[in-house]
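Colleague: I am new to this structure and would like to learn how to read a few of its features. Could you show it to me and take me through them slowly?

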Amino acid sequence: MKLLRVAPLLLLVLTTLEARPKPAALKCRTGPLDIVFVIDSSRSVRPFEFETMRRFMIDIIGNLDVGPNATRVGVIQYSSQVQNIFSLKTFFTREDMEKAINGIVPLAQGTMTGLAIQYTMNVAFTVQEGARPPHKKIPRIAIVVTDGRPQDRVTEVATQARDAGIEIYAVGIQRADMTSLRAMASPPLEEHVFLVESFELIRQFGKQFQDKLCGVDMCVERDHGCQHSCVSTPGSFYCECNPGYRLNADGKTCSPIDACADGRHGCEHQCVSARGSYSCRCRPGYYLNQDKRTCTMIDYCSFGNHSCQHECVSIPSGHRCRCHRGFTLQPDGSSCRATDLCNGVDHGCEFKCVTSEGSYRCVCPEGQQLQADGKACSRCGTGHVDLVMVIDGSKSVRPQNFELVKQFVNRIVDLLEVSPQGTRVGLVQYSSRVRTEFPLNKYHSADEIKAAVMKVEYMEKGTMTGLALKHMVEHSFSELEGARPLSHNVPRIGLVFTDGRSQDDISEWARRAKESGIVMFAVGVGKAVEEELRAIASEPVEQHFSYSADFTTMTHLVENFKLNICPEEGRGATEIRSPCECEALVQFQTNTVAILQSLTERNILRVLHGRAGAQSSPQL
């Protein structure tokens, strides 16, 4: 076959190319290009012919000035499918490209040229695959090399590719269809359509094709007027600015970029612009952190030369001295002297402020109680106490009786004014071990407590009453678990409910409980031991413990309690307690006795110790 339309010209050029001397390392210097080779590897291309196509690509690439800012090259092959060999962003040296081209394995299937052009447009020439953005005006060139008639339509997709700014060169070899070549190539067709009669001539044709890609260096031929640099493109040029500058609207001159102006620098203190870049700077007294954006104040106190008697405080300009609470900084700026805080601060005490070293506290007159805010005073509330109930969950209680114990607990809760400032309630269950069901500061209303009580699960196993008393003293009445400070004069009450002899010693922790100020009540049922109940109960013992099914004998407790505990109600030597504490204890005991009487009337206690029988008696 002959070269169609351009055959005489190509033969003349090829002859000239063969005759002229070959310049060493001739490169295309007219500016950057984005070039994608689209190579037909269908079954009609024989192995030695495909090798010639490899050399065609390698020869052209060898004469291009390739690099990330120069010409970029990508290669795809196609048959019935399309395979990306390497994209425009993959390699930037001729050596890497040549190695990848030599590693191509032909697909050897059909000839879907339209599919290949579609892939070239939609994938190969995208910014994600390495093509420069359109505003850069870098020419996009696709070189399609095929030896047969396409098995799909090429006209429409080739038109779309050209409209997208892709310049298509169509190179046909031997059996290629000229109509299809013309349908896919860019105008003018005489410069973009080539038909080579054999694979042997394609390498020679590559030299001529190279000359068409290079053209004239427009930056050299014209007075471009670019302030910084000129970039040549086929038939044109454009101006670029040095790093740190932007191109002005005239397309020629450049202005420095203020990198701080957009506000995205992230500098905590100050942004300093410098030729398109920026750096962060801190105000005096601060240093720049490793992130190069945030600042930290210089710790002048760490230098160790401040001479402050109490505390050194770093400030941006250096340091200053500060005294502990209750002390005043002296004129020398470093030494401290104690002060009367009650005279120097707005303490807010309702009655009286008492100074202690470095601090102060409020006190109330005799007969009044310091409130939770630590400042206000008031007369006694309506029986507010901190109450912890310790219930026996041993195996001998039995599940049905344990439910009645829970009901007894809730009957007590019903008569209390539960709130963070009023009465607080905690619950502990024990058997062979001890478990806090909820502490004093867990719930703030009677409804919350009653709901929690009904959810308590029966533990079973042994009866370690001594261990339970130890837990109550060390944990349940701690401020950490909600007990109010002793200075608030809120009575602390422990109510122990048991149905049998303890399997450990109770004497030590019963004594410690009472010595720590806890008023102890002991309620025994069934096989409970009276000696142990008496050891647990506070003085007077007869008013603080109870045993048997008939609780009517406890009705005298209220009057006796007043006579023996509250000094203003009795005679002779008595235990000294505040009026508020007495009133609270009296009201709590009144409520407890009423509940026990109610339970007796309904025979609830008979169920609680049913296994012991109606005739059971305490072991003395």
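Modeller: Let us begin with a term: a residue is called buried when its relative accessible area is under 20%. Please keep in mind that this is a predicted model.

Colleague: Are Cys 323 and Cys 336 buried or exposed?

Modeller: Cys 323 is buried, and Cys 336 is buried as well. These two cysteines form a disulfide, with their sulfur atoms 2.0 Å apart, which falls within the 2.5 Å that defines such a pair.

Colleague: What is the handedness of the disulfide of Cys 323 and Cys 336?

Modeller: The torsion about the S-S bond of Cys 323 and Cys 336 is about -90 degrees, so this disulfide is left-handed. The pair links distant parts of the chain, since Cys 323 sits in the loop between β16 (318–322) and β17 (327–329) while Cys 336 belongs to strand β18 (residues 336–338), 13 residues apart.

Colleague: How many disulfides does a search of the whole structure find?

Modeller: The search finds 11 disulfides, and one of them joins Cys 342 to Cys 353, with an S to S distance of 1.8 Å. The link of Cys 342 and Cys 353 is left-handed, with -75 degrees about the S-S bond. Cys 342 lies in helix α10 (residues 341–344) and Cys 353 in strand β19 (residues 352–356), so the pair ties together parts that are 11 residues apart in sequence.

Colleague: Why is Cys 342 called buried, and why is Cys 353 called buried?

Modeller: Cys 342 has a relative accessible area of 11% and Cys 353 one of 15%; they count as buried because the word applies under 20%.

Colleague: Which residue does a disulfide join to Cys 349?

Modeller: Cys 349 is joined to Cys 362, at 1.8 Å from S to S, and both of these residues are buried. Their link is left-handed, with -75 degrees about the S-S bond. Cys 349 is in the loop between α10 and β19, whereas Cys 362 is in strand β20 (residues 359–363), 13 residues apart.

Colleague: With which side chain does the side chain of Thr 111 make a polar contact?

Modeller: The partner is the side chain of Ser 42, at 3.4 Å. Not counting residues up to four places away in sequence, Thr 111 touches several residues, among them Asp 40, Tyr 78, Arg 149 and Asp 152.

Key:
Residues numbered from 1 in each chain as written. Predicted model: local features only at pLDDT ≥ 70, side-chain atom pairs only at ≥ 80, totals over all residues. Heavy atoms only, no water. Helix = DSSP H or I, 4+ residues; strand = E, 2+ residues; numbered from the N terminus. Buried < 20%, exposed > 50% of the residue type's maximum accessible area, 1.4 Å probe, protein only. Polar contact = N/O pair within 3.5 Å; in protein donor to acceptor, adjacent residues only side chain to side chain. Contact = heavy atoms within 4.5 Å.
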